[in-house]
Amino acid sequence: MSARRLSHGGRIDRAKTISFDWEGRKLTGYPGDTLASALMAGGQRVIGRSFKYHRPRGIMSAGVEESGAIVTLGDGAWRDPNVKATTQELYDGLVARGQHAWPNLHFDMGGVANFFSRFLPAGFYYKTFMGMPPFEWGSGTGWWMRYEKLIRRAAGMGTASRAPDPDAYEHAHAFCDLLVVGSGPAGLSAALVAAQSGLEVILVEQDFEFGGDLLNQANPESETKRIELLSAIHTAGVRTMSRTTAFGLYENSVAGLVERVTDHLANPADYLPRQRFWTVRSKQTVLATGALERLIAFGNNDRPGIMSANAGRTYLNRYGVLPGENIIVVTNNDSPYQPALELAKAGATVHLIDARTTTPELEKGCGVSVKSESIPIKAHGSKGIRGLESTASEGIQSCDLLLVSGGWSPVVHLLSHRGIKLVWDAQIACFLPGDTDAPIHVAGSAAGIWGSKDCGASGQVAAAKALGQLGHDIKLPTGKISRGSGWDLPIKPLYEIKVPGRKLQSFVDLQHDVTSEDVRLAHREGFQSVEHLKRFTTLGMATDQGKMGNIIGMALMAEALGKNIHDMGTTTFRPPYTPVSLGALGGRHVDSNFRPIRRTPLHDWNLSNGAIMTLAGLWDRPWYFPREGETIEDAYIREATVARKSVGLCDITSLGKIAVQGPDTAEFLNRIYTNPFAKLSIGKARYGIMLRDDGMVMDDGTCWRLTETDYFMTTTTAHAATVMVWLEELLQVRWPDLKVHVTSVSDQWAGCTVAGPNSRAVLEACVTDPTLISNETCPFMGVIETTLTGAIPSRIARISFSGELAFEVYVPSDYGPSMMDLLFNASKPLDGCLYGLEALGTLRIEKGHVTGAELDGRVTIEDAGLGKMASKQKSYIGDVLRKRPVMLDKNRARLVGIFPKDRTQRFNAGTILCKPGAISGFGEGWITGATYSPALGHWIGIGFISGGFESWVGQTVVVADPVRDQNINVEIVLPQMFDPAGKRSHD
Amino acid sequence: MISSPIKRVSALASDYTRGRFGADGKIGVVLKEVPDLTLYQVAAWPDNLATVSAKTAEATGVEAAPGPGRAVWKGNHVLLRVEPLKFWITGIFIPQLPSTEGTVLDLSHSRTHVRVIGPQAQIMLNRYLPLDLRNQSFVPGSVASTAFHHVGITLWRSEVGFELFLPRGFALSLWGLLRQSAAQFGYEVA
């Protein structure tokens, strides 16, 4: 290995040494290094193994287009595969290793695949394992499914950690007049002109330093210019964001960015997110995204020690690393001449092989020899290049570094995201941005302008166009900037080297090991579209998304078809431009913040009184209140028993609550509920059912009339938001003439059910005027507004979900804990208890009351056993469509209760009801809830079965539980399994 | 009017510790719950919006009711136009209106009022809110309904900073997120 760190030059800080771990060995580098530059300076050539053939690969670029130096960073939960060493900043303690090799990078058993590469062309695995005779004879995927895991393991690109990501990520939003992507000469100039003209500008740069190609220059004037521009844009107020990639451009000038906040830090502060996902909304966008240097497909063009010519220059001038001592540069254009001169000046021997007849003139004694009309044929060497076979000389010309320049491809990906067509420019052999009406302006090399000075000028033009579209009176800078500006001599297109009679293994897409022969195979197989070529060969589908190889692939396909590249077109680039971690996409939507948790005002009170909580939708609700030594089953049976025998208290705040106000409210309610509401008296509540337009049950709940025009509606917890949105839609769209306002007051009121024979006694001890709770003043479904002790305002309704004498008590939320103190203290002398969601379920199943588990959107009012609540005297939403024959079919699944034949047995919710001997498919019905019933002394269930109770009287039904492999014989009963006449709640 | 001598319990009670947190030596954000919110909603009918607007302005002590998306205030009485036909009024009790004119609804316990101020307040809030909160776009007196971690909230910009009305049930969850994101700027719970 002949790459070495120079004693001077570069943008690194030699005053401080950084230690890092590569493949278990300690290496060093400097601040300002990337992992790639430090590895190169440390003599490392083989950095990874290729995707399919396990060929050794080295550093091939100095940026995001890297196809070879792809590594895994970190250990344990921090293990991060597929990191490009060329973009990873070096930091103290960094741990990295090569990937896709066993037992190690230098001796990889998988390398045997390379010997069989001629038998493993594009499409091999699918064609071989799908429909494989004699097993499947041409169709079928059985064998593929069997071997897919092994095949994918043999290929693949690194292994992600299975542990939860320990880092934090976050989202952010930003707004500006102008977003400038890229901080090369074009981007800096555009940002400066725009900001000095008064625009609010955000400048984003994926690198950790601003300057783009200015960072790679050897001449001090470039650095002076860079510093001046940077200083000027900061003075002008430009917001600059480094380590930030604009990965996608979307409609309405929305850009997606990822900012790598701590990926370069050895010990980041724990309050910093690792990455930040930005959504930027700008009025105008300037894309100064630069261009990427292409490779040429010649034999073994993937060997370690082969890289783009500009990368060689970058390692020299930016990182102070001489990448080789004996260098061959192959080209078809002007761009590598300056790098060649600089490398020679740094001490290397440089031979330049140019495919063109006419080449730029170099000064004598410059240290660079030029051979024109010559092309490379085949690289020699395995784990490092040792020579090149070319038409420039006989035999193999020795070298330790081969720099390649096959031309340049403007980075037009973000334009492609917006659906803007790209246009092939044959003169400079690349795709350029097509015309667009979108507020997007392309500048610099991204627009096919190569010279640094001209790039700056084009940035000014782009900014002027953006200003003009924003109404600023700006004159466009004068002076024509033509495409290809910066080159003295034209490029000679050169994509692949073919030698008659020889088979050269030349790679087009190095990340996915797609060869020139694979492209021709695709043609022979009948593929013609570039999109089909991509999918058959996987060309351009790896993490680099074809940044290096796409153009060559298209050129080869065009040649095979006898077309021009222009006629082939290009594939559509889609976001992201570079990979975005799932963590960044998730932001803070992880762990307890995966969804926002909703807590009742009684949350802390419940916890301090021993509640075990459970999530019900977004709500964190009390599940049960165990006493010492109790299991959940012990607890809920005790709680339900106490509620039936004395009194129980339950937090019901999660019920949806809606204030319905206005002079037309009675009419409004009468239209949305199936049962009559027009004549509901003040001080009374009524149970009601709402249907959807299609006649299915939407929700059930109660509605309390507080005054002539004020109502208080409750909904199920599950459907609270659905009902609220529905009512808003009805009032805004269908009945805007009704004077009704609806407002969610779910958060305004804390609610507690007081249920049981002693519930009145409890309330009498808590309200300011106990006489209000009497049976006369507060009969069943009666409503009162009063105060609790301490002048706590409250609304109370005698409503029962448990089937007991019960009251729902609501107070303003901040008084919730005080309400609970009052009620609980009053219940203690009566041996009352708190009960949770589990006991609530027990009590309601015993009564056959429905919840969101039953009202799942597939249930008619008749299915739910509530057909008597469908008024025949009025029309209401869902009235017409609920009468469709299929909805009234008597064989529809109807609500029933379920008892085990053997009362000692139990069964589970979610199980299927089947006929004996016919346990298959969806059966005859299903169970939505099951519980031990303390009131009945055995397990019971609620669910639906075809035809309902009447169809199954006296018959045995099987509860089939295929998950647990249990079948239990049950009998079907009426859903009202306890106190069917309702005496306990009504009397 | 809902009032009681009993102390109100905040939704943030279990996670409200005054002090300085996060990045050392910096206070980029100050978070403060404004306790004991008094909040009434006044909603008009389309045909008498002018009448109701005038009444709300009179009740609040301001010259005229604001247009949609705006707020006006006098002292600690604030009048916000949260919907074309709906106002929110804070800091003052509002009696019932004749039902022919509109409706009044007490929402005092439905929201948790969090004030976010400090030099980094806008940037920190934009970690969640997809709104243009820049000084020139969201000037003092601006009102918006927006989404905070999927939760619908209302905010307005006062002379001192951003005033968030968080649905009470979600308030603790959102408060935790505010604290998480504020840590990088250094923050104080006042």
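Begin in strand 43 of chain A, where A:Glu808 is the bridge partner of A:Ala797. Before moving on, some housekeeping: this is a predicted model, in which local features need pLDDT of at least 70 and side-chain atom pairs count only at pLDDT 80 or more, while totals for chains, interfaces and linings use all residues. Residues are numbered from 1 along each chain as its sequence is written, and chains are lettered from A and ligands numbered from 1 in the order in which they are written. Strands (E, at least two residues) and helices (H or I, at least four) are DSSP runs, numbered from the N terminus. Two strands pair if DSSP finds at least two bridges between them.

Now show strand 43 (residues 806–812) of chain A together with strand 42 of chain A: they pair antiparallel over three bridges.

Strand 32 and strand 33 (residues 619–624) of chain A pair antiparallel over five bridges, and A:Met613 has A:Pro622 in strand 33 as its bridge partner.

Time for the interface: 40 residues of chain A are in contact (C-beta atoms, placed from the backbone, within 7 Å) with 44 residues of chain B. Which element supplies the largest share of chain A's side? Strand 9 of chain A does, with six residues.

Select helix 7 (residues 309–317) of chain A: nine of its nine residues are buried. Buried means 20 or more other C-beta atoms within 10 Å of a residue's own, with C-beta atoms placed from the backbone. A:Arg313 and A:Tyr315 are among them.

Last stop, chain B: find B:Ile89 in strand 6 (residues 86–90). B:Ile89 is buried, with 23 other C-beta atoms within 10 Å. Not counting residues up to four places away in sequence, B:Ile89 touches several residues, including B:Tyr40, B:Val42 and B:Leu79.

Technical notes
Buried ≥ 20, exposed ≤ 12 C-beta atoms within 10 Å, placed from the backbone. Contact = placed C-beta atoms within 7 Å.
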